[in-house]
Amino acid sequence: MSNALNPPASALPRWQVLLLAPSGGALVTLSLAPFNLWPLAILGCAIYAYLLASCTAAQAFRRGWLFGIGLFGSGASWVYVSIHVYGNAGFALATFLTLVFCAGLGLLHALQAWLYTRIVRPLPGGMLLGFAAFWVLGEWLRSWLLTGFPWLYLGYAHVDTWLSGWAPITGVYGLSFAVAFTASCVFLTWRSPQPATVLSYSGLLATLWGGGLMLKPIEWVVPASEQPLSVAIYQPNVPQEQKWDRRRYQNILAQYERAVRPMFDQDLVLWPESAIPRVADRAGDFLDPIARRASLSDTTLITGIPTRDAQNRYFNSIIALGQGRGQYDKQRLVPFGEYVPLEDQLRGLIDFFDLPMSNFSRGDRKQGPLEAGNHRVAPLICYEIVYPELVAKSAQRAELLITISNDSWFGASIGPLQHLQMARMRALENGRYLLRGTNNGVSAIIDHRGKIIARTEQFVESTLLGNAQVMLGNTPFTSFGSMPLLIALGLLLSSMGLMYRTLWRDVDNGD
């Protein structure tokens with residue numbers, strides 16, 4: 001259908017493209033925390049599908065880039081806070097580096113749009129199934145390329161909707177597929193609003209969303225014991241600019257000492273990432289007496305703290321004390337925050353490349369869980385909670401998930417609330433309670449269905465008390481991860497390509 005109200009996307013005036021493409025990306029951000037307007041991502045992706053429906057590959061590249069700038073410029077611009085406030089970069093330099101970061105990420109969408117237009121769109125079902133399948137493969141690529149940035153996935157907006165029923169089976173990528181597929185149906189129905197078209201696409205969406213609703217009540221795991229663990233999560237709210245100031249070290253220790261005294265009646269006490277701002281082997285005079293008191297009261301204390309090995313390599317670590325045992329060293333390090341790429345060239349240029357504790361080494365990939373009494377705990381540090389495969393692998397050997405973080409780097413931006421939403425998805429995917437301890441919020445107790453059962457407010461010192469159930473059994477996602485879905489999407493695209501080469505070659509529009 002081509003008329004004044006529904007022109008082909010290739011014929012749009014440039015100003016409309018400049019308006020629609022970044023706006024579509026920004027709508028995805030509004031679907032996520034803290035806005036939680038989940039229908040807007042469907043609208044944003046439907047706009048994107050429209051923009052890519054009949055344009056050339058070169059146009060698609062530009063439009064994909066603009067869409068990506070809208071998405072990351074609105075959803076990931078919180079990096080400005082780290083660069084400007086804590087990296088001491090001036091306004092102009094911090095703005096420039098943030099723009100470079102967001103525009104660089106936008107190039108991934110540009111490449112994805114170019115490939116979609118050249119390879120996928122002409123296939124039979126290319127604008128229906130192909131659009132959604134290629135979107136998910138793009139999210140997966142972003143999870144590992146250049147160390148990965150698995151942020152702003154479509155599926156995270158649906159941790160509470162009917163689609164959440166699919167999460168223990170497909171993980172967040174399955175939910176992203178459902179959102180992109182829904183957007184395709186919306187666009188194709190708008191493009192050809194005949195009754196048969198409306199009925200067909202409505203039936204497909206009713207099956208997809210209704211299937212999620214029917215799956216939601218299923219219990220994939222069971223409690224490991226009748227009695228849950230009593231837990232205390234301490235949120236110290238130590239200002240980031242004071243945390244690594246040696247003059248403040250004793251005050252920080254005194255604050256933790258005062259806070260922990262009433263917690264020894266709990267089964268598990270959790271402190272945040274790098275709670276003690278000193279290497280563990282130099283903090284024994286503080287930690288050893290607390291560990292003895294915890295042991296006498298049958299309490300496990302789990303805390304973040306830097307460690308170092310015999311080769312003088314430093315690690316961002318979690319250790320378990322008292323009735324707990326074990327150490328975990330962070331595997332997925334944050335560029336510039338925990339290590340500096342091209343270190344010899346960048347160190348010393350600006351303060352952002354010399355942040356405190358930005359010389360950590362990567363932890364071993366084959367680390368076991370921590371022990372908290374008789375229970376196994378899967379530890380994740382900060383950014384690691386956003387990697388679905390890493391968490392699923394850890395959950396296979398554990399009955400409880402723990403993540404500690406220091407979201408102070410992102411101030412009062414939307415970043416920490418997005419981070420919390422992703423942690424909720426990990427709990428839902430794996431059927432595990434998740435304890436989240438942060439320096440300044442949001443700390444939370446999340447149940448095995450991804451529901452927050454207790455949480456703190458941001459930017460206040462507080463102690464969160466509650467219960468956490470340890471769980472037995474694995475969800476399908478915990479057992480198999482994302483690979484079955486990714487393989488299925490790859491086979492889907494391959495079969496569409498085979499149909500095109502054998503049956504569809506002379507058809508201009510595969511939808």
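In sorting lining residues by class, Ala, Val, Leu, Ile, Met, Phe, Trp, Tyr, Cys and Pro count as nonpolar, Asp, Glu, Lys and Arg as charged, and the others, Gly among them, as polar. Please keep in mind that this is a predicted model.

## Enclosed cavities

Two cavities of 30 Å³ or more are found in the structure. The largest cavity holds about 50 Å³ of space, and its lining is made up of Tyr 48, Leu 52, Gln 112, Ala 113, Tyr 116, Phe 131, Phe 134 and Trp 135. Two elements, α5 (91-120) and α6 (126-142), each give two or more residues to that lining. Seven of the lining residues are nonpolar, one is polar and none is charged.

The second largest cavity has about 40 Å³ of space. Around it sit Leu 32, Trp 151, Leu 152, Tyr 156, Gln 418, Gln 421 and Met 422.

## Cysteines

How many disulfides does the structure hold? There are zero. For Cys 55, the nearest cysteine sulfur belongs to Cys 45, 15 Å away. Cys 55 is buried, at 2% relative accessibility.

Cys 102 is likewise in no disulfide, and the sulfur of Cys 45, the nearest from a cysteine, is 18 Å away. Cys 102 has a relative accessible area of 4% and is buried.

How values were computed: Residues are numbered from 1 along each chain as its sequence is written. This is a predicted model: local features need pLDDT of at least 70, side-chain atom pairs count only at pLDDT 80 or more; totals for chains, interfaces and linings use all residues. Side-chain values use heavy atoms; hydrogens and water are left out. A disulfide is a pair of cysteine sulfur atoms within 2.5 Å. Buried means under 20% relative accessible area, exposed over 50%, partly exposed in between (1.4 Å probe, protein chains only). On a 1 Å grid over the protein atoms alone, a cavity is a set of points where a 1.4 Å probe fits but cannot get out, and a pocket is an open set with protein on both sides within 12 Å along at least five of seven lines; lining residues have an atom within 4 Å of a point. Grid points are joined across faces, edges and corners, and a volume is the space filled by probe spheres set on the points. Helices (H or I, at least four residues) and strands (E, at least two) are DSSP runs, numbered from the N terminus.
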